[in-house]
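Student: Could you walk me through this structure with a few questions and answers? I would like to look at the chain itself while we talk.

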Amino acid sequence: MSPYLFLGFMIAGILHALVPDEKIFSYLGESAGKVKSVINASLIGLPLPLCSCGVIPTALSLKKRGATKGATLSFMISTPETGVDSIAITYALLDPIMTVFRPIATLFTAIAAGIVENFSSSSEKKTLLTKPLVMMQAPGQGCGCSCSGGACSSDDNKNIVHRKNVVSRIVDGIKYAFVDLLGDIAKWLIIGTLLAGFIAYLVPEEIISSYLGGGIYSMLIMLFIGIPLYICATTSTPLAAALVAKGMSPGAAFVFLLSGPATNAATITMVMRFLGKKTVMVYLGMISVCSIVFGILLDSIYMSLGIQAAVIVGSGGDIVPYYMQCLFAFILLPIMIYGVIRNKLPDFLNREKL
């Protein structure tokens, strides 16, 4: 999965650099409408690589800046369930069907939850940000020209500076992706990969196929496992791939992929604290219902096509030559180790000061 992981984080860094927060905030408020704000939030959150806990401060920031409750909830669902990195790894470790199905089902779940929340809320408070923020500028600022004596003229140096700023933002975004973002999930990605290897080599196929081979009961088992578990979309993918290879139905695996990253005990607590008990009920209820419905639908798709998921699992990753997989693995491993050490170092230094 290393070439796809590398590609996913590269795209994540570019998105982080080129998509300003102000643009995101302006599409999610009351002025956008109860439905449109939800759709915008779901689409914006879909490619962003934030985990279920990392999305909390971003979502609460959106709410404080004027986003509707439904838009906030949609963002909290669509963002951790998928991202450019997890979509790329889904293609490498699972198959093209799951790669396409996963973001589509996530988008529908996020939109459905947000719309239900907006239209069922009878005490929605009016946002204070009813008008767009207008930044005060001195004459000539922000227009890409230089001013002299009250008149503006074209200045090529401004364009050069602008191009340099874009390049600088992209470099900073890539640093953010491969240092901060990868460092945040590196430990859990390594643990998830090791657990996937444990399942693949030590867990008998008969156990998985007997209890998780398909049907509503296997999906309910994965739902109850996934909801309280803290696991990000990227980390959950190798676990799901190992289980599918051992005989788990793709529908049951999808329930885990949908419910696991979107929820955990910490996220549920924060939603209850800042958005209310009713919103928690909508949040958990829509994720549970949608994950089961889409799990059943996914199993039906594989059956209608006559495809055994265990046979084609990991077929996407075979496109990249083996030596390239090893090369990217050797590139990513030291970066991941550095990220883990870098995240632990401030805590160690703080303890030493105490």
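Student: Which residue just after H14 takes a positive phi of about 70 degrees?

Tutor: Before we look, this is a predicted model, in which local features need pLDDT of at least 70, side-chain atom pairs count only at pLDDT 80 or more, and totals for chains, interfaces and linings use all residues. Residues are numbered from 1 along each chain as its sequence is written, and side-chain values use heavy atoms, with hydrogens and water left out. Helices (H or I, at least four residues) and strands (E, at least two) are DSSP runs, numbered from the N terminus. Just after H14, the residue with a positive phi of about 70 degrees is glycine 306.

Student: How far does H14 reach from its first C-alpha to its last?

Tutor: H14 has 29 residues. The expected span of a helix is 1.5 Å times one less than its number of residues. That expectation is 42 Å for H14, and the helix comes close to it, reaching 42 Å.

Student: How many helices does the chain have?

Tutor: The chain has 354 residues, and 45% of them are buried (under 20% relative accessible area, with exposed over 50% and partly exposed in between; 1.4 Å probe, protein chains only). Its secondary structure includes 2 strands, and the helices come to 16.

Student: What share of the contacts with a separation of 6 or more is between residues 24 or more positions apart?

Tutor: Contact means heavy atoms within 4.5 Å. Among contacts in the chain with a separation of 6 or more, the share from residues 24 or more positions apart is 85%.

Student: Which residues are linked with Phe254 into a cluster by ring pairs?

Tutor: Leaving aside neighbours within four places in sequence, the contacts of phenylalanine 254 include Met98, Phe101, Ser291, Phe294 and Leu298. Rings of Phe, Tyr and Trp (its six-membered ring) pair if their centres lie within 6.5 Å; planes under 30 degrees apart count as stacked, over 60 as edge-to-face and the rest as tilted. The structure holds 5 aromatic pairs. In the cluster, ring pairs link Phe254 with Phe101, Phe108 and Phe294.

Student: Why is the pair of phenylalanine 6 and phenylalanine 178 called tilted, and how far apart are the two in sequence?

Tutor: Their ring centres are 5.0 Å apart and their planes at 45 degrees, so the pair is tilted. Phenylalanine 6 lies in helix H1 (residues 2-18) and phenylalanine 178 in helix H8 (residues 156-202), so the pair ties together parts whose separation in sequence is 172 residues.

Student: Which residues does glycine 13 touch?

Tutor: Glycine 13 is found in helix H1 and, at 0% relative accessibility, counts as buried. Glycine 13 and phenylalanine 178 are 7.8 Å apart in space, C-alpha to C-alpha. Not counting residues up to four places away in sequence, glycine 13 touches Gly173, Ile174 and Ala177.

Student: How many disulfides are in the whole structure?

Tutor: A disulfide is a pair of cysteine sulfur atoms within 2.5 Å. Cysteine 290 counts as buried at 7% relative accessibility, and cysteine 326 as partly exposed at 26%. For disulfides, a search of the whole structure gives 0.
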